[in-house]
Amino acid sequence: MNQRTAFLVLFIVASVFAAAQNPHSTNPEEARLISLEKMWNQAQMQHDSAALKGMISDRFVSTEWDGVLSTRDQFLSEISDPKFDPAVMSVEDVKVEFYDDTAIVIGVYRTKGKSNGKPYEHVGRFTDTWIRTNSVWKCVASHTSLIQK
């Protein structure tokens, strides 16, 4: 199975899963965005920067939990780095707000793994901004911050 086919299968499975997770939503675009968020996590865990490249815009910017700002190329490079070794990545309590062809997705993320050989475990909030162009959603900005324990 080639990478494009695997991505499509994962998208379909994630769409069904997202719909099941939010049975009160009748908005297929909301289910699609939640699926994309879950696929994002899977792509990160598999170091699949090609899949992520298809989900983010050319002008994508990421603000990480520690305040580091990354461009699209920097973000994709970090995902490919074998020193980044997530074992668990998930999102929960996801909500989507629409503004015409823009969507703001907020939720809680959990991640655990190793970075540069050192273990980490983070629980935080995320805000992702998605823009729809020609029926395709692309993330243009992502921001994460840790939840204080």
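1. A salt bridge here is a side-chain nitrogen of Lys or Arg within 4 Å of a carboxyl oxygen of Asp or Glu. By that criterion the structure holds six salt bridges. The model is predicted: local features need pLDDT of at least 70, side-chain atom pairs count only at pLDDT 80 or more, and totals for chains, interfaces and linings use all residues. Residues are numbered from 1 along each chain as its sequence is written, and side-chain values use heavy atoms, with hydrogens and water left out.

2. One of the salt bridges joins the side chains of Arg32 and Glu29, at 2.8 Å from N to O. Both residues belong to helix α2 (residues 28-45) and sit three residues apart, about one turn of the helix. Helices (H or I, at least four residues) and strands (E, at least two) are DSSP runs, numbered from the N terminus. Glu29 is buried, with 16% relative accessibility, while Arg32 is partly exposed at 30%. Buried means under 20% relative accessible area, exposed over 50%, and partly exposed in between (1.4 Å probe, protein chains only).

3. Asp58 and Arg72 form another salt bridge, their closest N and O atoms being 3.4 Å apart. Asp58 lies in strand β1 (residues 56-63) and Arg72 in helix α4 (residues 72-80), so this pair ties together parts that are 14 residues apart in sequence. Asp58 is exposed, at 63% relative accessibility; Arg72 is buried, at 11%.

4. Asp101 pairs with Arg132 in a salt bridge whose closest N and O atoms are 2.8 Å apart. This pair links distant parts of the chain, 31 residues apart: Asp101 is in the loop between β3 (84-99) and β4 (102-115), and Arg132 is in strand β5 (residues 118-133). Salt bridges that share partners join Glu29, Arg32, Asp101 and Arg132 into one network. Asp101 is partly exposed, with 38% relative accessibility, and Arg132 is also partly exposed, with 23%.

5. The strand that carries Arg132 pairs with β4 in the antiparallel sense over 14 bridges; two strands pair if DSSP finds at least two bridges between them. Trp130 in β5 has Ala103 opposite. The hairpin of β4 and β5 has two residues between the strands, and Asn116 there takes a positive phi near 55°.

6. β5 is also joined to strand β6 (residues 136-146), by ten bridges, and these strands run antiparallel. Ser142 in β6 stands opposite Asp128. In the hairpin of β5 and β6, with two residues between the strands, Asn134 has a positive phi near 50°.
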